[in-house]
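I opened a new notebook page for this chain.

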Amino acid sequence: MLQRAVAYYRVSTQRQGRSGLGIEAQRERVAQFLEAEGIELIAEFTEVETGKGSDALDRRPRLFQALAMARKERCPVVVAKLDRLSRDVAFISGLMAQRVPFIVAELGADADPFMLHLYAALAEKERTLISERTKAALAARRANGTRLGNPSNPAQAAAKGRQVAVAEADRFAATVMPMIQSLNRYGINSYRGLAAALNERGVRTARGGKWQVSNVRNLIARATPPTKNAVF
């Protein structure tokens, strides 16, 4: 059982930093987690900085200090949510290479580095899907508003939109399936159990909602290759 930990909190804007709203919510979530796990908090580090960019760690001195203290004290760094570290998979991988254990309060103490990579990959994919949906919607609107005299433009835009939606769904399924397969290895094999586990870990569906049995069933049916060992 871990006995001590360093906490790290981050907001992206000066406005959020001054208001304290984001920081206080993170602090409360971490405090609840540490109390439940019986872990002593030995230091807190707060940062107001974006998590974007390949040089994000260089621009986040408080995170660097948190890592240094955790390494010295041989204890983990605790964050409220994974995105307080970053939503970028490469950045998360770089942090894992620091050989300082991270605990994400909303995911629980048993979320190992492999699972953290999966969650980061899912968050990154969700951002990509949102961007692609936005671009497809804008393209359809431009096509509907054009005066080129070609009545097929709206139909072509709609067909393109459907193709993008199918591709997005396939990519989303491929991203979530490793997580489902990992849950299978922990003995969670039913659609209902998988939906509950994904919801408990803060994972959202492609539309940003909570998982239901039908969502899990449809995703597994769509995934390629499908999971072989689960008993659904």
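I read the chain along its sequence and noted the pattern β-α-α-β-α-β-α-β-α-α-α-α. The secondary structure comes to 8 helices and 4 strands. Helices (H or I, at least four residues) and strands (E, at least two) are DSSP runs, numbered from the N terminus.

I noted where this comes from: it is a predicted model, in which local features need pLDDT of at least 70, side-chain atom pairs count only at pLDDT 80 or more, and totals for chains, interfaces and linings use all residues. Residues are numbered from 1 along each chain as its sequence is written, and side-chain values use heavy atoms, with hydrogens and water left out.

**Whole chain.** I looked up burial next. Of the 232 residues, 37% count as buried. Buried means under 20% relative accessible area, exposed over 50%, and partly exposed in between (1.4 Å probe, protein chains only). The chain exposes about 13,200 Å², and carbon and sulfur atoms supply 52% of that area. Accessible areas come from the Shrake-Rupley method with a 1.4 Å probe; for residues, only the protein chains shown count as cover. I also checked contacts (heavy atoms within 4.5 Å). Among those with a separation of 6 or more, 69% join residues 24 or more positions apart.

**Strand E1.** Which strands pair with E1? I found E2 (residues 40-48), parallel to E1 over 8 bridges. I also found E3 (residues 77-79), parallel to E1 over 2 bridges. Two strands pair if DSSP finds at least two bridges between them. Val-11 has Val-48 of E2 as its bridge partner. Val-6 has Val-77 of E3. In E1 (residues 4-11), 7 of the 8 residues are buried, so the strand is largely enclosed by the rest of the structure.

**Helix H3.** I moved on to residues 61-73, which form H3. Its 13 residues reach 18 Å from first C-alpha to last, close to the expected 18 Å. The expected span is 1.5 Å times one less than the number of residues. Which residues of H3 are buried? I listed Leu-63, Ala-66, Leu-67 and Ala-70. Seen down the axis of H3, the buried residues fall within an arc of 100°, so they line one face. The arc is that of the directions from the helix axis to the C-beta atoms. An α-helix has 3.6 residues a turn, so residues three or four places apart point the same way.

The buried residues of H3 pack against E1, E2, E3, helix H4 (89-96) and strand E4 (102-104). On the face turned away from the buried side, I found the exposed residues Phe-64 and Lys-72. Arg-74 follows H3, and its phi is positive, near 55°.
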